[in-house]
Amino acid sequence: MEEMRFIELTTNSAYENMAIDEAIMRGIRDGKSPPTLRLYRWKPSAVSIGTFQGMNDEVDIAFCRERGIDYIRRITGGGAVYHDYDGEVTYSIILPGGHRLAHHDIIESYKVICGGIEKALDILGIEAQFKPINDIVAGGKKISGNAQTRRHSCVLQHGTTLLDLDVHLMFSILKVPEEKISDKMVADVKERVTSVRDVLKRNVSIEELAAALQQGFAQALDVELRSGKLTDEEQQAARSLAADKYSTDEWNFSR
Amino acid sequence: MKKADYKVSGGKMIRVKLDVRKRRIETIRILGDFFLHPEETINEIERALLKAPIDRDSLVVRIEAAIRKNNAVLIGAQPDDIAIAILMADGSV
């Protein structure tokens with residue numbers, strides 16, 4: 001069976017997480033890194049925005065600073081996501097262009113890779129479906145959001161699967177006019193977004209979700225996940241990218 | 001600075017911020033949660049729109065040309081949606 005490097009659940013800062021994803025892409029571009037799946041958490045909790053979004057438009061920076069929540073611009077498009085340390089697991093998959101799982105058609109490739117999350121949720125007992133462009137829904141409500149970029153001759157897709165959801169905190173972090181944070185609006189979000197714990201009505205742990213994601217990706221993508229580590233070169237590249245790009249205002253406030 | 005948000009039906013959100021002078025675009029920023037590959041094409045699109053007349057067809061022609069030139073793919077919105085957002089920001093629709 002085809003092998004894929006698997007970097008098991010690690011906890012990093014927002015800057016490190018985004019830097020590692022890009023470092024792996026560069027490694028693959030240079031023929032030095034293998035196709036890779038990684039799982040990760042964010043500490044401190046952080047909000048990531050899509051590459052075309054305005055930081056000050058989307059994020060209440062003062063609130064984040066006060067609460068020690070990091071904020072970062074991704075290299076991928078899509079919307080703002082709050083990555084709560086205890087409330088979600090993020091994955092990324094990085095493939096060389098032309099890989100059988102990196103379909104040329106972008107929506108098709110979302111569908112193929114999101115199959116791993118559908119399967120993971122199925123393992124947990126949740127029936128979920130890919131919903132184009134880039135969501136996975138359970139019972140019609142969004143439970144996972146995903147985003148993709150194609151550069152450095154690679155396809156990178158990363159995404160979040162919600163374990164828990166604090167709508168009030170989310171509204172405090174994301175810029176929603178205060179008068180709109182009514183009970184009605186909170187109720188509206190609960191109609192559109194759900195989480196693993198919401199659906200299963202039990203206290204699923206981060207580790208259980210991570211294990212399901214590992215198994216789900218292996219099965220859906222038909223790969224053998226081989227536990228591995230970042231190479232020294234990747235670690236070095238990630239350190240530079242974190243320091244010189246992802247932690248800078250120049251990058252994070254470029255729009 | 002004029003501003004408008006336009007939610008594409010079945011697609012993504014486009015936010016346009018612009019300054020207009022003598023019915024032409026003086027500065028423009030296109031923001032939102034859409035996808036555009038390669039991402040750098042957004043700079044080309046914004047550049048192509050400078051000095052463009054606020055006219056739906058002319059805007060679409062310029063946006064399409066920038067996308068074609070970069071062999072880019074826009075997902076979650078069409079060039080016409082960006083044009084509509086520009087007209088909305090200007091207050092002409």
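In helix α3 of chain B, the buried residues are Asp81(B), Ile82(B), Ala83(B), Ile84(B), Ala85(B), Ile86(B) and Ala89(B). Here "buried" means that 20 or more other C-beta atoms lie within 10 Å of a residue's own, "exposed" means 12 or fewer, and "partly exposed" falls in between, with C-beta atoms placed from the backbone. This is a predicted model, in which local features need pLDDT of at least 70 and side-chain atom pairs count only at pLDDT 80 or more, while totals for chains, interfaces and linings use all residues. Residues are numbered from 1 along each chain as its sequence is written, and chains are lettered from A and ligands numbered from 1 in the order in which they are written.

The cover over these buried residues of α3(B) includes β1 (2–7), β2 (13–21), β3 and α2 (56–69) of chain B. Helices (H or I, at least four residues) and strands (E, at least two) are DSSP runs, numbered from the N terminus. After α3(B) comes Gly91(B), with a positive phi near 85°.

Now to where the chains meet: 15 residues of chain B are in contact with 15 residues of chain A, contact being C-beta atoms, placed from the backbone, within 7 Å. On chain B, β3 (24–32), β4 (35–37) and β5 (73–75) each supply at least two residues of the side that touches chain A.

| Residue | Phi | Loop |
|---|---|---|
| Asp222(A) | about 55° | between α8 (206–221) and β11 (224–227) of chain A |
| Lys51(B) | about 70° | between α1 and α2 of chain B |

Asp222(A) is exposed, with 12 other C-beta atoms within 10 Å, and Lys51(B) is exposed, with 11.

Technical notes. Contact = placed C-beta atoms within 7 Å.
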